[in-house]
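Take a look at the protein below. This report walks through its overall build, then picks out a few places worth a second look.

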Amino acid sequence: MDEKEELLKKDLRDINEKEFKYFYEFVKEKTCNFTYLNKSLFDENPQYLLIIRFVLGLSQFELSKKLGTTNKQWVRHFEARRQGFKQSKLFEPCMFFINQCFKNKEIVSYDKSLYLWKKGKAARAQFF
């Protein structure tokens with residue numbers, strides 16, 4: 001297995017800054033410069049939601065609220081690959097919401113995404 005294949009199998013909650021940049025660019029390319037999210041991206045790896053959430057500038061709780069629930073567990077489980085996302089009632093609304101944000105250009109800069117990722121990583125390290 002080459003380095004790229006190895007990286008693509010990595011748990012995105014444990015990536016470093018260089019790897020975050022790689023996945024940011026990877027998701028940017030797969031979504032046509034953050035203009036359209038196809039279901040196949042989540043089929044490939046549901047953890048890409050984590051990158052997209054930072055691109056949208058949202059915390060797990062904020063994304064949950066946008067999806068009409070105050071239970072951030074769904075987002076947390078999805079990002080940890082524990083959620084059967086295809087069977088979830090929130091999957092379609094999540095896809096719709098993300099595509100609406102992309103359509104309306106409601107995304108933050110790379111620097112802001114990186115800042116939010118670092119903040120989230122520090123909070124996770126403190127919690128665990």
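## Buried share and surface

Of the 128 residues of the protein, 40% count as buried. Buried means under 20% relative accessible area, exposed means over 50%, and partly exposed lies in between (1.4 Å probe, protein chains only). The accessible surface comes to about 7700 Å², and 51% of that belongs to carbon and sulfur atoms. These areas come from the Shrake-Rupley method with a 1.4 Å probe; for residues, only the protein chains shown count as cover.

This is a predicted model: local features need pLDDT of at least 70, side-chain atom pairs count only at pLDDT 80 or more, and totals for chains, interfaces and linings use all residues. Residues are numbered from 1 along each chain as its sequence is written, and side-chain values use heavy atoms, with hydrogens and water left out.

## Overall build

The protein has eight helices and zero strands. Along the sequence the pattern reads α-α-α-α-α-α-α-α. Helices (H or I, at least four residues) and strands (E, at least two) are DSSP runs, numbered from the N terminus.

How does the radius of gyration agree with that of a compact globule? A compact globule of 128 residues would have a value near 14 Å, and the protein has 14 Å, so the two agree. The radius is taken over C-alpha atoms, and the globule rule is 2.2 Å times the number of residues to the power 0.38. Along its principal axes, the C-alpha trace spans about 40 × 35 × 30 Å. Contact means heavy atoms within 4.5 Å. Among contacts with a separation of 6 or more, 64% come from residues 24 or more positions apart.

## Charges

The protein carries 25 positive and 17 negative side chains. The centres of the two sets lie 7 Å apart. Lys and Arg count as positive, Asp and Glu as negative; His and the chain ends are not counted. Each charge is placed at NZ of Lys, CZ of Arg, CG of Asp or CD of Glu.

## Helix 4 and F54

Helix 4 covers residues 48-55 and is mostly covered, with eight of its eight residues buried. Among them are Y48, R53 and F54. After helix 4 comes G57, with a positive phi near 75 degrees.

F54 sits in helix 4. Its relative accessibility is 5%, so F54 counts as buried. Which residues does F54 touch, not counting those up to four places away in sequence? They are F20, V108, S113, L116 and W117. F54 and L114 are 60 residues apart in sequence, but their C-alpha atoms are 7.6 Å apart in space.

## Q60 in helix 5

Q60 belongs to helix 5, residues 60-66. Is Q60 buried or exposed? Q60 is buried, because its relative accessible area is 17%. Leaving aside neighbours within four places in sequence, Q60 is in contact with R53, K72, V75, R76 and E79.

The side chains of Q60 and E79 are joined by a polar contact of 3.0 Å. A polar contact is a pair of N or O atoms within 3.5 Å; within protein, one must be able to donate a hydrogen and the other to accept it, and residues adjacent in sequence count only if both atoms are side-chain atoms.

## Two loop residues

N33 lies in the loop between helix 2 (17-30) and helix 3 (39-44). F34 is found in the loop between helix 2 and helix 3. N33 is not a glycine, yet its phi is positive, about 65 degrees. F34 is not a glycine either, and its phi is positive at about 55 degrees.

How covered are they? N33 has 47% relative accessibility, so N33 counts as partly exposed. F34 has 3%, so F34 counts as buried.
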